[in-house]
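Please keep the sequence and the coordinates in view while reading.

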Amino acid sequence: MLWECLLVFLATAVADALWARYITSVGSRDPVASATLSMGIVLVNALAVVVYVSNRWAVLAAGLGAFVGTYLSVRRVPK
């Protein structure tokens, strides 16, 4: 159960980091990067969903992972 929560945490953190890069690539009109990142987002999120459908505690890990992934991605961008 703990490893599942860790997996979901990491997956959603990665997915949110990919979202940040996806938004940037769409803004710069880069179709290959945008499509590749979109595919990655779907695959990583699908992995998380498969796990937290069977483990409700993993939903909390997903929320925390989303927070961390977005926070770190936005923090990296220069002001």
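Which residues of α1 are buried? The buried residues of α1 are Glu4, Cys5, Val8, Ala11, Thr12, Ala13, Ala15, Asp16, Leu18 and Ser25, where buried means under 20% relative accessible area, exposed over 50% and partly exposed in between, computed with a 1.4 Å probe on protein chains only. An α-helix has 3.6 residues a turn, so residues three or four places apart point the same way. The cover over the buried residues of α1 includes α2 (31-54) and α3 (57-76), a contact being heavy atoms within 4.5 Å.

Some conventions apply throughout. This is a predicted model, in which local features need pLDDT of at least 70 and side-chain atom pairs count only at pLDDT 80 or more, while totals for chains, interfaces and linings use all residues. Residues are numbered from 1 along each chain as its sequence is written, and side-chain values use heavy atoms, with hydrogens and water left out.

The protein chain contains 3 helices and 0 strands, and its pattern along the sequence is α-α-α. Helices (H or I, at least four residues) and strands (E, at least two) are DSSP runs, numbered from the N terminus. Along its principal axes, the C-alpha trace spans about 40 × 25 × 15 Å. Of the 79 residues in the protein chain, 30% are buried. Among contacts in the chain with a separation of 6 or more, 72% are between residues 24 or more positions apart.

The lengths of two helices can be checked against an expected span, defined as 1.5 Å times one less than the number of residues. Helix α1 (residues 2-27) has 26 residues and should therefore span 38 Å, which agrees with the 38 Å between its end C-alpha atoms. Just after α1, Arg29 takes a positive phi of about 60 degrees. In α2 the buried residues are Ser34, Leu37, Gly40, Ile41, Val44, Ala48 and Val51, and what covers them includes α1 and α3.

The loop between α2 and α3 holds Asn55. Is Asn55 buried or exposed? Asn55 counts as buried because its relative accessibility is 6%. Its side chain makes a polar contact with the side chain of Glu4 at 3.0 Å; such a contact is a pair of N or O atoms within 3.5 Å, where within protein one must be able to donate a hydrogen and the other to accept it, and residues adjacent in sequence count only if both atoms are side-chain atoms. Apart from neighbours within four places in sequence, Asn55 is in contact with Met1, Glu4 and Cys5.

In helix α3 lies Gly63, which counts as partly exposed because its relative accessibility is 41%. The C-alpha atoms of Gly63 and Ser25 are separated by 24 Å, with the two residues 38 apart along the chain.

Finally, the largest pocket is lined by 10 residues, of which Ala17, Ala20, Arg21, Ser73 and Arg76 lie nearest its centre. Both α1 and α3 give two or more residues to this lining, and α1 provides the largest share, 5 residues. A pocket is an open set of points on a 1 Å grid over the protein atoms alone, where a 1.4 Å probe fits, with protein on both sides within 12 Å along at least five of seven lines; lining residues have an atom within 4 Å of a point.
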